[in-house]
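Subject: Structure for your review

Hello,

Here is the structure I said I would pass on. My notes on it follow below.

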There are 2 protein chains.
Amino acid sequence: MFETAELGHTIDKASYKAALPALREALLEAQFELHEHPNRAVIVLVNGVDGAGKGETVNLINEWMDPRLIDTHAFDFSYGLEAEHPPMWRFWRALPAKGRIGVLFGSWYSGPILDRVAGKVDDATLGATIDDILRLESMLVDEGVLLVKLWFHLSKKQQKTRLKELESDPRTRWRVGEQDWAHFKQYDAFRAVSEAVLLRTSTGYAPWLVIDGSDPQYRSLTAGNVVLEALKRCQQDSPPRLTAAPAPLLPPIDSLRVLDRLVLDQAMSKADYADALEQWQGRLNQLSRHAGMKHHAVVAVFEGNDAAGKGGAIRRVTQALDARVYHVVPIAAPTEEERAQPYMWRFWRQLPRRGKFAIFDRSWYGRVLVERIEGFAAESDWMRAYGEINDFERQMDEHGVIVVKFWLAIDADEQLRRFQQREATGFKRFKITEEDWRNRGKWDAYSEAVHDMVERTSTHHAPWVMVEANNKYYARIKILRSLCEAIEARLSR
Amino acid sequence: MFETAELGHTIDKASYKAALPALREALLEAQFELHEHPNRAVIVLVNGVDGAGKGETVNLINEWMDPRLIDTHAFDFSYGLEAEHPPMWRFWRALPAKGRIGVLFGSWYSGPILDRVAGKVDDATLGATIDDILRLESMLVDEGVLLVKLWFHLSKKQQKTRLKELESDPRTRWRVGEQDWAHFKQYDAFRAVSEAVLLRTSTGYAPWLVIDGSDPQYRSLTAGNVVLEALKRCQQDSPPRLTAAPAPLLPPIDSLRVLDRLVLDQAMSKADYADALEQWQGRLNQLSRHAGMKHHAVVAVFEGNDAAGKGGAIRRVTQALDARVYHVVPIAAPTEEERAQPYMWRFWRQLPRRGKFAIFDRSWYGRVLVERIEGFAAESDWMRAYGEINDFERQMDEHGVIVVKFWLAIDADEQLRRFQQREATGFKRFKITEEDWRNRGKWDAYSEAVHDMVERTSTHHAPWVMVEANNKYYARIKILRSLCEAIEARLSR
């Protein structure tokens, strides 16, 4: 893997200076063309051996191009707010919007490789992290991102020479610390782990490019050329589609769907409700202040038919919580900023830190519900969304986030009654729109989509709770109880 | 994942019988249309809970369609010849050719799931196996295969009832053995492991379909419909391309390539050669009879410039070996049978069993050499080939196969001299063709492709040995010595 970067590549200064003006002009031009592109972004990952010119290259990229259209981020180990979220959260935050270039120094590779070299994690843990990385990268490519994965290499001898050089010059002495020499001592282990990681993650759609880092002119010009070609490629291609469509999902031949098995009319009197509400809200409040909650967070997802009572149920939950502990995230059409990012981005940004509750009024399930039914998402996009959703929820679960998902189900008659009631009630009239009536016409398509959704995303770590909601009292109590039980189950694990 | 398959789906016998004739006719028709298709194949994976109708469904598929165009294979644990090869070998053997349907009973999922349930492997090993499976499946989809992954499900209660039913009927009593009840006792563990595996392997391009197995009519009709839709989809789509093209690979800007650093003229006299040949051939012969070789096999790959002396070198290797121990695999243009399979298929079928040597005269590297240069393979295909090749060689290495790869390098003058010599020598004239002269005209393109090949596929477990071959004596001895050393290193590990 690294042999070709040890051949001793060089470019003399004169050739370098001669090549530079044309390269810079082409880079700038290509950068502005990318900026006009509605569907593509470029991410440059900068990784490799210490002293091989990673930092210099990042600086040059910013110097040669317009830095206003570049987002540069450096990643070391997680700390502070980052450590409060699942490991991939900080990378989601750093993704460039469409039309922009992201430069990720260290990227999602440095931490796992260094942890393995230091013996902090074993091969199995590294393997699981690599899986997460592969899924992230294939999602990014599916979403139109062109990944440029640069690995700057030095041989052991070259690294030693380089560190000594830097140390001996008073202007650069500060750049070499104890940590650099400590890393150098582990050169062989670092090389072995890196080779294994690069092999497993060098895919056809996002290959690694290993660059000889020993000669500054050579490595800078090479990196510049690679970035230029990537920018040009963005203009040629339509966004790539990684995901081929498989055979289509078929509805059950007996037309029996998840929702059909629910007995939507459940009895609960107003008096019983009042008692139960007090009991379960009290319990939820206690749980939110439980000492164990400092290791956990709660994500509660509310989906359901129009007029099924999501809003009312959410209020019964929030009433039990201190306002500093939760936030409610209403999901409507994505903003311009959100449309310029991969689909799951706007949900990642709303994840609660430890000890907090995030309550989603509609959610990432829009992809496999409304977007599927209305044709806003292509089949291959919503088909891959099931996997991306499971992956997202699994990452939350592994980080200690308790994920509870509610589907509030009412029948068509009950919905009609509620629509009419809303139209008749002055202050509720704003709650009923043309769109609600249109959606109602697609009742069957929604039932099918809900069935597929439950089949593909109800998991051990994030199960769907189906809520019979013709009776609002019953529904609210079931929700409060299920939420309390899910939290208790996790706290007592 | 399994909730929707526990709703109690049923279809009455009358509806079943009514639907059957049209389904069977449509299946047959779609099957014949697939058979005409030059680029698509369908693989149906049949997995799930014991007693859920897996066997019956496989029989029905064969009964409803033309069994001459279906390849059915059942997979239990590896044994015999299968255990002599890397784990994935037996699945490669079972792949259907283009235009055909493969039905894989148990498939690549049964073994890993059951091994995990029985505690024979840990989560890390299962995870690594799942990675191999994901790579295999994405390669298959890239190669035009449509995967239908069927999981037949029963709840614990249903499985118990089903096993008792089978036991109480004298005609089916034989189908229930001790093993079935032993599996039943592990139902909960089986379900948990299965859910985890299904979640990780349900991708957008090859999703799982969970089928309620409790009602024979329902499950049969459902499976039939799914297969029909898959066959229809094959007609609509061109073969999917999973792999999006990244930024193109660029040649080194200083034009310094791997081959440029080699000193191709190396001295060795005829007398020294004779001595060394005797010594190293003797050593190789001893190694081939070493007791440790029963756990290993050797794959030696010979690539190089035209007229670089591959044939002569191979003969010096085989002279040292017993004819029962090795076979030489000359790789020319693929046969018709081979063209109907994924690219790597024809190499998988040539893998040696334990204790044996396979010597490849040219190899799977054709994909990233001649096919790249001549444009026989699309860029996205040869770009993903680097990963597929590394994956293939890693699987060999993990299984104990010693992989040694030789690139025999001569310079352009030496090649010209040899070409002219061949043309002048009667019995060697067949060795030089128009194509050789044409290839010679692409010297530079080959140097570039060799450089990229070494960069991307020279790995710790399967390194390239670059052989300076202007002097044939020197080259042959270096090859024999490198081969011996590679075997010794592995035997003494």
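**Notes on the model**

A:C234 counts as buried, because its relative accessibility is 0%; buried means under 20% relative accessible area, exposed over 50%, and partly exposed in between, with a 1.4 Å probe and protein chains only. A:C484 is likewise buried, at 0% relative accessibility. A search of the whole structure finds 0 disulfides over all chains, a disulfide being a pair of cysteine sulfur atoms within 2.5 Å.

This is a predicted model, in which local features need pLDDT of at least 70 and side-chain atom pairs count only at pLDDT 80 or more, while totals for chains, interfaces and linings use all residues. Residues are numbered from 1 along each chain as its sequence is written, chains are lettered from A and ligands numbered from 1 in the order in which they are written, and side-chain values use heavy atoms, with hydrogens and water left out.

**Chain A**

Chain A has 19 helices and 10 strands; these are DSSP runs numbered from the N terminus, helices being H or I of at least four residues and strands E of at least two. Its C-alpha atoms fill a box of roughly 85 × 50 × 40 Å along the principal axes. Of the 493 residues in chain A, 59% count as buried. Among the contacts in chain A with a separation of 6 or more, 83% join residues 24 or more positions apart; contact means heavy atoms within 4.5 Å.

A:Y273 lies in helix α10 (residues 270-288) and counts as buried because its relative accessibility is 7%. Leaving out residues up to four places away in sequence, A:Y273 touches A:M268, A:R316, A:Y473, A:R476 and A:I477. Its C-alpha atom is separated by 67 Å from that of A:G51, 222 residues apart along the chain.

A:E338 is in helix α12 (residues 336-339). With 14% relative accessibility, A:E338 is buried too. Its side chain reaches the backbone nitrogen of A:T335 at 3.0 Å. Apart from neighbours within four places in sequence, A:E338 is in contact with A:W345, A:R346 and A:R349.

**Where chain B meets chain A**

The contact takes 63 residues from chain B and 63 residues from chain A. Between them the two chains bury about 5,200 Å², 59% of it on carbon and sulfur atoms; buried area is the accessible area (1.4 Å probe) that two parts lose on being put together, summed over both. In chain B, the residues that lose the most area to chain A are B:L7, B:R233 and B:I253, together 13% of what that side buries.

There are 4 salt bridges between chain B and chain A, each a side-chain nitrogen of Lys or Arg within 4 Å of a carboxyl oxygen of Asp or Glu. The side chains of B:R200 and A:D131 form a salt bridge, at 2.6 Å from N to O. On the side of chain B that touches chain A, α5 (123-142), α8 (187-201), β5 (208-212), α9 (216-236), α15 (379-398) and α18 (443-457) each supply at least two residues. The largest share, 8 residues, comes from α9(B).

**One helix of chain B**

In helix α2 (residues 54-64) of chain B, the buried residues are B:K54, B:T57, B:V58, B:L60, B:I61, B:N62 and B:W64. Their cover includes α1 (13-36), β1 (41-48), β2 (70-74), β3 (101-105), β4 (145-153) and α9 of chain B.

Regards

Key. A polar contact is a pair of N or O atoms within 3.5 Å; within protein, one must be able to donate a hydrogen and the other to accept it, and residues adjacent in sequence count only if both atoms are side-chain atoms.
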